[in-house]
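Reader: Please present the structure, and then let us discuss its sheets, helices and chain contact in turn.

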Amino acid sequence: MLILECPYCGVKAEETELHGGGEAHLVRRGPDSSDDAFESYLFQRQNPKGVHFERWRHAYGCGKWFHAARCTATLEVFGTYSAQVSEPPQQIRDRIAARRPGWSWSDQG
Amino acid sequence: MKRYSAFAIAREALRHHSGWERAWRKATPKKKYDVVIVGAGGHGLATAYYLGKNHGIRNVAILEKGWLGGGNTGRNTTIIRSNYLQDPSAAIYEKARSLYETMSQDLNYNVMFSPRGVMMLAQTHHEVRGYERTAHANALQGVDTQFIGPEKVKELCPIIRLDGPRYPVLGALWQPRGGTARHDAVAWGYARACSDMGMDIIQQCEVTAVRSEAGKVRGVTTNKGEIDCDKLAIVVAGHSGVLAQMAGFRLPIESVALQALVSEPIKPIMDVVIMANTVHGYMSQSDKGEMVIGGGTDGYNNYTQRGSFHHVEETVRALIETFPMLSRLKMLRQWGGIVDVTGDRSPILSRTPLAGCFVNCGWGTGGFKAIPGSGWATAEMIARGEPGPLASAFGLDRFREGRFIDESVAAGVAH
């Protein structure tokens with residue numbers, strides 16, 4: 001059972017209390033972007049076997065959206081953080097790097 | 001290859017079964033093949049088989065990281081149907097269903113295809129209208145389906161409860177020629193036929209890199225050394241994104257866990273396949289007597305081949321309200337598989353940005369039923385270098401151009 005701590009209300013919520021919102025930190029393109037960029041934003045996904053950044057909503061709790069860093073191969077949770085950022089905070093990156101030597105954040109465009 | 005027959009059984013019975021051969025050869029990789037297929041599941045093996053049978057390409061290797069048919073081919077609920085709404089889907093799934101009818105004879109391997117009929121229950125007025133529309137579309141596509149009323153549902157499946165606590169059964173989309181087949185036998189039968197054509201099936205051979213030169217594929221690097229090829233097909237379901245990354249492109253795919261469970265074996269209670277998409281459960285009875293039950297997908301990316309426990313509860317709850325007699329049934333085991341889901345819930349059969357590299361993926365939660373049709377279409381695409389009539393609508397470019405094959409409403413979760 002997946003358990004994530006909501007960074008807003010502090011509740012440790014299990015997955016039936018949460019709603020997954022897919023890959024995080026997508027650059028949201030507008031109508032003036034190129035076809036490639038727009039396709040990439042709408043459909044292309046990293047879908048990694050490993051470290052994944054995701055959007056989640058504390059649906060049956062405070063109702064707020066937040067971000068989670070998780071490993072899709074082991075279900076390990078590295079941490080959760082505010083949704084009001086466009087990339088993972090340094091503290092989360094450090095924690096992942098400590099657990100997954102050689103890993104580094106790359107801009108996911 | 002010695003053929004299987006009633007005579008062969010009699011012959012072997014008289015000599016203590018000492019004359020049976022291995023179904024397929026154990027192979028070590030050659031330096032180079034015309035075509036390398038990554039993934040020895042149903043789709044990969046079917047692709048290889050039709051490459052040899054329809055196009056005469058037999059210098060083929062099929063590489064498998066685990067064991068043959070050990071991914072989603074061995075983990076699904078074995079349902080075969082072709083009652084899809086959109087024309088391109090109906091064409092490829094109906095091709096697959098029709099190939100299943102003669103597969104045992106074609107492969108000389110009993111895949112136990114059982115056209116027992118598939119029923120998709122309509123439990124809201126919205127669903128009634130949706131399935132009536134599908135039945136009309138199927139009539140135009142030449143797919144034999146009909147919309148039936150609740151009395152007929154009860155006649156075909158006496159254990160069903162028509163007036164459940166939440167949603168009454170208002171009718172069903174009935175495909176009498178749909179059914180089930182033995183999933184492992186499909187993989188084994190294709191493997192035996194491929195091996196007989198001289199193809200190499202190499203298990204425990206994990207691809208670690210895709211090698212290319214000037215934008216064209218050269219070969220793959222594996223844990224058993226480098227293997228060169230003229231053409232490469234990636235047919236790996238849940239791990240498509242991982243292979244695509246090695247080949248240098250991204251796919252519009254997310255991998256999630258889908259789970260299934262079976263009950264203890266009981267006497268025959270149901271001789272059709274029932275899918276109840278509103279309450280969300282689907283079920284058939286295997287020849288051993290186990291009730292084979294399909295669960296739901298988790299709502300997040302996952303590669304661990306196990307699903308969330310609460311989905312089991314959800315599925316079992318749905319089935320108990322539809323079939324109250326199941327309430328005392330014990331469940332025997334539960335498992336998960338990693339399915340590759342696309343934005344429009346339709347598969348991808350396509351050329352890729354890397355020349356000579358093809359993908360067959362995105363079958364999501366419903367790939368088993370498509371195995372022969374998918375293999376047929378992918379083999380044609382590899383042999384010709386471009387997609388044929390069955391595959392052309394399923395190209396990667398459809399996302400860029402907005403030509404979706406939107407089956408997400410028609411199929412829901414029980415796809």
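Author: Two strands pair if DSSP finds at least two bridges between them. Helices (H or I, at least four residues) and strands (E, at least two) are DSSP runs, numbered from the N terminus. This is a predicted model, in which local features need pLDDT of at least 70, side-chain atom pairs count only at pLDDT 80 or more, and totals for chains, interfaces and linings use all residues. Residues are numbered from 1 along each chain as its sequence is written, while chains are lettered from A and ligands numbered from 1 in the order in which they are written.

Reader: Which residue is the bridge partner of Ala68(A) in β6(A)?

Author: Strands β5 (residues 65-71) and β6 (residues 77-82) of chain A pair in the antiparallel sense over five bridges. Five residues lie between the strands of this hairpin, and Leu75(A) takes a positive phi near 70 degrees there. The partner of Ala68(A) in β6(A) is Thr80(A).

Reader: Which are the edge strands of the open sheet of eight strands in chain B?

Author: The order of this sheet is β5-β6-β4-β13-β14-β15-β12-β16 (chain B), with mixed pairing. An edge strand pairs on one side only, and the two that do so are β5 (146-148) and β16 (331-342) of chain B.

Reader: At what angle to β15(B) does helix α9 of chain B run?

Author: Axes are lines fitted to C-alpha atoms, for helices over the stretch in contact, and angles run from 0 to 180 degrees between N-to-C directions. Helix α9 (residues 309-322) of chain B lies across β12 (253-263), β13 (273-276), β14, β15 and β16 of that chain. Its angle to β15(B) is about 140 degrees.

Reader: How many nonpolar residues are in the contact of α2(B) with α7(B)?

Author: Helices α2 (residues 42-55) and α7 (residues 183-196) of chain B pack at about 35 degrees, with their axes 9 Å apart. Residues are in contact if their C-beta atoms, placed from the backbone, lie within 7 Å; Leu45(B) and Tyr49(B) are among those of α2(B), and Val186(B) and Tyr190(B) among those of α7(B). Ala, Val, Leu, Ile, Met, Phe, Trp, Tyr, Cys and Pro count as nonpolar, Asp, Glu, Lys and Arg as charged, and the others, Gly among them, as polar. The contact has no charged residues, two polar and, as nonpolar, 10.

Reader: How many residues does the contact take from chain A?

Author: Chain B gives 19 residues to the contact, and the number from chain A is 17. On the side of chain B, at least two residues each come from α8 (240-247), β12, β15, α9 and α11 (397-401).

Conventions. Two residues are in contact if their C-beta atoms, placed from the backbone, lie within 7 Å.
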